[in-house]
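Work through the exercises below with the model open beside you. Try each task before you read its solution.

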Amino acid sequence: MATSLIGARVARKEDYRFLTGAGQYTDDVALPGQTYAVFVRSPHAHAKIKSIKKDKALAARGVLAVYTGDDLAAAKVGGLPCGWLITGTDGQPMKEPPHPPLAQGKVRYVGDHVAVVIAESQSAARDAAELVQVDYEALPAVVNASKATQKGAPALHDIAPDNKCYTWALGDKAAVDAAFAKAAHVTKLDFVNNRLIPNAIEPRAANATYSRAEDSYTLYVASQNPHVERLLMTAFVLGLPEHKVRVVAPDVGGGFGSKIYLYAEDVVVTWASRQLGRPVKWTAERSESFVSDAHGRDHHTVAEMAMDKDGKFLAMRVRTTANLGAYLSTFASCIPTILYATLLAGQYTTPVIYCEVTAVFTNTAPVDAYRGAGRPEATYVVERLVETAARDMKLDPAEIRRRNFIKTFPYQTPVALMYDTGNYDATLDAVMKMADVTGFARRKEEAAKRGKLRGLGYCCYIEACGIAPSNIAGALGARAGLFEAGEIRVHPTGSVTVFTGSHAHGQGHETTFAQVVADKLGLPIESVDVVHGDTSKILFGMGTYGSRSIAVGGTAIVKALDKIIAKGKKIAAHLMEAAETDIEYDKGVFKVAGTDKQKMFGEIAFAAYVPHNYPLDKLEPGLNENAFYDPTNFTFPAGSYVCEVEIDRDTGVTKVVNFSAVDDFGKIINPMIVEGQVHGGLTQGIGQALTENCRYDPESGQLLTGSFTDYCVPRADDVPSYRLDTRETPCTHNPLGVKGCGEAGAIGAPAAVMNAITDALGIRDLPMPATAETVWKAIQANKKAA
Amino acid sequence: MHAFNYHRPSSVADASKQAGAGADVRLLAGGQSLVQAMKLRLSAPSDLVDLNAIAELRGIKSDGKTVTVGAMTRHAEVAGSADVKKAIPALAALAGMIGDRQVRNQGTIGGSLANNDPAADYPAAVLGLGATIVTNKRKIDADKFFKGMFETALERGEIITQVSFPVPKRAAYVKFKNPASRFAIVGVFAADTGNGVRVAVTGAGPSVFRQTDMEKALSSKFDPASVANVRQKADGLNSDLHASAEYRAHLVTVMTKRAVEAAMK
């Protein structure tokens, strides 16, 4: 092929099936003898369960079974595990309270699982669920993390009477305190990173079946990582051997992190499928998603930046209280620590940084990774602080950044990470040009004539993708590996099936991964299919989260491709009667160096499977290779965003009028898919800044924002037409030079928006989301002050 | 959704008879509120009397002085009607702002009025224009129709058949939307009827109401400046996650100004 498929805007192969309704989601899977599960959930934020009476529900028409926590305990079903052990500043391991799939003795948040009703139909199960009689003794509840650690706050778990899971720290406290003592100026902010509810378009779902013939289980589940789901469920909860459990995550309609975790429902339907000898399906209703999917963010932070007289950063000090919710979700513990504090250097040379995090249990849904996972929180801290520091120091916000940018790579930060490459001036230069920053004063003046307050804000973010390597992560407490696996199966006629441990739920892997393979093998993209999401097809996989798929999963595929090509060279050498070292390979063509002899990839594949003329004494037939790849470092996408807002003085309504984003994702495989990812990420970030806010009633612990009428996900008309561009510093430690792009927008946008709003209003800070009323009140307060 | 008995009468008389048959019988119009509540199991009627097969309840008529809209006329039909756009453009615009495309193609004016959601749009137009609600039993003035949150003057078995709107000199509806639900946090319908000024406010209180101070101020001069300093009291207004009573009160003034401004264009 003449042109490279890498870097091409190839239309997504998967879209035909998605757009024509041919997608196959978990809820579409209908098995013979299907039964339906409905969960009885706690209406209380905190209560003792005095008794549960099942008899009326069991007597209802169509009901097959009702199970409670006692039934699971009797069957020795274990609790849901946490995948990352954090060790506190006191040297003690974090508190890991039991997390039973169905509550035992106590419920700890509204939506907590109390019982499951399984029936012949979904409506019979729902009717019967209303007949399960639970006698609760309500207890006082606490939903705010800072309040939960105060004396006299209700304690959720016996092993954590102060509700603290851990207090953890990173950095040199003494050095930071010393730097602050010498500082010419200190900028300090105290803010909340608002709690978010993920809301993937496909609600969670699980459908499990047990085969008596094979003594094995199959679980269809809306998951981002079926192998991890299987590992956690078999090894920690059900005590089953992995080879007896197949987990299939078919088409999955979005995740944003919320489908990484092992959830109670998945475990319960799997266990119940054997009890009943029939498949058991559960699909969340939207109302259930709101109360029971793992939520995101929810930090309270006090952050300080120490500077010299020229605005050079000397030290940063950060104290964060993180709300973990009622139980430890699968990766909850590492989000406000390992994935947060390590990012606090941002794009800057701040020499010393200290961060202390207290993680707290509250009577709310568990909190875990949500698009960005720790990095949006860190970026918000750094970039709100830097912009405010610039205003304090009367410096241009771009200038203060440039004075502190990291310029030489590799760069070792004071918070454990080693950035391999980057060029922060390049993205900032580009975005300032794109956003026409020099024309802003004129636009502000023009807006004022229309009664509008116009503001401009920056955000220069960094993120760390493809969490790695496994041994270091293990030393930091990870209880799983962080590699990825890939397999290339070449068929006799030269078409290729690629098996990947990455999982696509909106990312377009079936296209990007196929582009990489088709490019390297010189095949049309139609000849390459990508298979993912089935533990019985894929050799292993760690799944998709943390923008790791192309950097880690893609590299595993490239390594398998290298093996295919290496074997192909041996076959080619034999066919062309040349020395293997004389075979040159480029995009599907094997050549004997210095001659016009060549063999095409298809000929090699055919020879491998019809080995009539083949070095059978030295080489196995067939052309099928796999590889595992464990990265040596994270990748570090970075970028610069400029947001411009206009605020209606009379109502406080904020409109994002311009948003310019220049990202450095390293090499890009498919720019169109990357743009889609950035659009989605920016929109979620703008959502956090302007509209989204999960709220619980502080007294009763009821979720107040439990539907789309009260929880505001941004719509198309809430966001502008984005201006996007990229700059490229290829990643130095993976063969494709790729970094990942899935979360960047959600990481960088909130600070850019809030910096613009505070600029427009001329105020220091404003809590997210900047709703119309919040902004209006700030305008009123400003008027009073003036 | 719980099970229920389903009826599909073809005349208002039959519908009325069936609707009066029991305490838990509900009329089904567009179903945009009722069916959602049933799906969430918040509402569990014993019987649904579906009005969708009654032809006489649909349609729009305009004679230059009055626009009459059949109770089962969809929002999209009102929004798209050339007659309504010509006679009362503010009414067509309001209908075009209700909910989303799906809601507008299914929801009906009669259903909206009978439900009297405190944040619904149609009540503002009905009260703001001083419309008459015609039922199978009587004619009800707008001023006497809306009784409180989800409460109207309708009796059991009474069915709205049509709504007649007097054509105003000029009018406009301005809506400050709840960003999540897109219902009105505050919606103001201001009308210069040619025979006085009416200002109806939806979303702000437990039910649509007339802002008489603003009506008075506008009656002397129909101009945004007339209401710029007329304050709505916050007492008794709705206060929720999305807007405090104080903020809603402030918005009543801002939206009234904007509605008058729009009506003058």
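This is a predicted model: local features need pLDDT of at least 70, side-chain atom pairs count only at pLDDT 80 or more; totals for chains, interfaces and linings use all residues.

Residues are numbered from 1 along each chain as its sequence is written, while chains are lettered from A and ligands numbered from 1 in the order in which they are written.

**Exercise 1. Describe the build of chain B.**

Step 1. Count the elements: chain B has 12 helices and 14 strands. Helices (H or I, at least four residues) and strands (E, at least two) are DSSP runs, numbered from the N terminus.

Step 2. Check the radius of gyration, taken over C-alpha atoms. For chain B it is 18 Å, close to the 18 Å that the globule rule gives for 265 residues, so chain B is as compact as a globular protein of that length. The rule is 2.2 Å times the number of residues to the power 0.38.

Step 3. Find the box: the C-alpha atoms of chain B fill roughly 55 × 45 × 30 Å along the principal axes.

Step 4. Look inside. Buried residues make up 46% of the 265 in chain B. Buried means that 20 or more other C-beta atoms, placed from the backbone, lie within 10 Å of the residue's own.

**Exercise 2. Describe where chain A meets chain B.**

Step 1. Count residues: 13 of chain A are in contact with 10 of chain B. Contact means C-beta atoms, placed from the backbone, within 7 Å.

Step 2. Sort the chain A side: 5 nonpolar, 4 polar and 4 charged residues. Here Ala, Val, Leu, Ile, Met, Phe, Trp, Tyr, Cys and Pro count as nonpolar, Asp, Glu, Lys and Arg as charged, and the others, Gly among them, as polar.

**Exercise 3. Find the buried face of helix 12 in chain A.**

Step 1. Take residues 424-434 and list the buried ones: A:Tyr424, A:Thr427, A:Leu428, A:Ala430 and A:Val431.

Step 2. Look down the axis. The buried residues fall within an arc of 165° (directions from the axis to the C-beta atoms), so they line one face of the helix.

Step 3. Name the partners: among them are helix 11 (397-404) and strand 18 (452-462) of chain A.

Step 4. Step past the end: A:Asp436 has a positive phi, near 50°.

**Exercise 4. Do likewise for helix 5 of chain B.**

Step 1. Look just after the helix: B:Gly99 takes a positive phi of about 50°.

Conventions:
A residue is buried if 20 or more other C-beta atoms lie within 10 Å of its own, exposed if 12 or fewer, and partly exposed in between; C-beta atoms are placed from the backbone. Two residues are in contact if their C-beta atoms, placed from the backbone, lie within 7 Å.
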